[in-house]
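Take a look at the chain shown below. This briefing walks through its main features, topic by topic.

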Amino acid sequence: MVTMNRLDNDKRAQIIHCLVEGNSIRSTVRMTGAAKNTVTKLLVEVGEKCQEFHDKHVRHVSARRVQCDEIWCFVGAKAKNVPEQKKDSGMGDVWTCVAVDAESKLVLSYLCGGRDAEWANQFMKDVASRLTMRVQITSDGHRAYAEAVEGRSE
């Protein structure tokens, strides 16, 4: 098995390529010969660098129309099935909100969290911080978005 501190750039590229192509961590381990922890650590490292790059460079965007949507997922277990002693562990329902420039399809902003007014406000503030002008926002009618844009919460 190949460990993280012994990975050359070719092996890192091979692992990232496998993951980007949709392979699971386990299949990537089998295909590349890298250890599972190595693949996981590299995935986290690349994700953090991508997040830094996005946050620094996706600024001053002159979009005219922005589409916002969200997708539900869960970590560990659905919220209703999380044991009481693990309620504060981060397990449960997670919503990923995404704002996309309707013309270029550039992802302007994304946020993983809840689906309430507090999260919507945080998401819309980040979207606004990346734009150069007022835009038309289209969504699925999620009320918290409208309230966040209009600057009011109920």
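**A turn residue to start with**

Lys-105 counts as exposed, because its relative accessibility is 51% and the cut-off for exposed is over 50%. Lys-105 is found in the loop between β2 and β3. The model is a predicted one. The chain averages a pLDDT of 92.

**Confidence**

- In the chain, 95% of the residues score at least 70 in pLDDT.
- Confidence is highest in helix α2, residues 25–32, at a mean of 97.
- Confidence is lowest in helix α5, residues 143–150, at a mean of 86.

**Strands and the hairpin**

- Strand β1 covers residues 65–75, and strand β2 covers residues 92–101.
- These two strands run antiparallel and are joined by 10 bridges.
- β2 and β3 form a hairpin, with five residues between them.

**Positive phi angles**

- Lys-105, in the turn of that hairpin, has a positive phi of about 70 degrees.
- Lys-105 has this positive phi although it is not a glycine.
- His-60 is another residue other than glycine with a positive phi, near 55 degrees.
- His-60 lies in the loop between α3 and β1.
- Is His-60 buried or exposed? His-60 counts as exposed, at 68% relative accessibility.

**Packed helices**

- Two packed helices are described by the angle between their axes and the distance between the axes.
- For α2 and helix α3, residues 36–57, the angle is about 115 degrees and the axes are 9 Å apart.
- The contact uses Ile-25, Arg-26, Thr-28 and Val-29 from α2.
- From α3, the contact uses Lys-36, Val-39, Thr-40 and Leu-43.
- The crossing of α2 and α3 is right-handed.

**Salt bridges**

- Side chains of opposite charge can pair when their charged atoms come close.
- How many salt bridges does the structure hold? The structure holds eight.
- One of them joins Arg-115 and Asp-140, with the closest N and O atoms 4.0 Å apart.
- This pair links distant parts of the chain, 25 residues apart.
- Arg-115 sits in the loop between β3 and α4, while Asp-140 sits in the loop between β4 and α5.
- Arg-115 is partly exposed at 36% relative accessibility, and Asp-140 is partly exposed at 46%.
- Another salt bridge joins Arg-143 and Glu-147, with the closest N and O atoms 3.1 Å apart.
- Both of these residues lie in helix α5, four residues apart, which is about one turn of the helix.
- Arg-143 counts as exposed at 55% relative accessibility, whereas Glu-147 is buried at 8%.

**A salt-bridge network**

- Which residues are linked in a network of salt bridges? They are Asp-55, Arg-59, Asp-126 and Arg-130.
- Within it, the side chains of Asp-126 and Arg-130 meet at 2.9 Å, N to O.
- Arg-130 is buried, with a relative accessible area of 3%.
- Asp-126 has a relative accessible area of 21%, so Asp-126 counts as partly exposed.

Technical notes:
Residues numbered from 1 in each chain as written. Predicted model: local features only at pLDDT ≥ 70, side-chain atom pairs only at ≥ 80, totals over all residues. Heavy atoms only, no water. pLDDT = per-residue confidence, 0-100. Pairing = 2+ DSSP bridges. Buried < 20%, exposed > 50% of the residue type's maximum accessible area, 1.4 Å probe, protein only. Axes fitted to C-alpha atoms, helices over the stretch in contact; angles between N-to-C directions. Left-handed = near helix turned anticlockwise from the far one by under 90°. Contact = heavy atoms within 4.5 Å.
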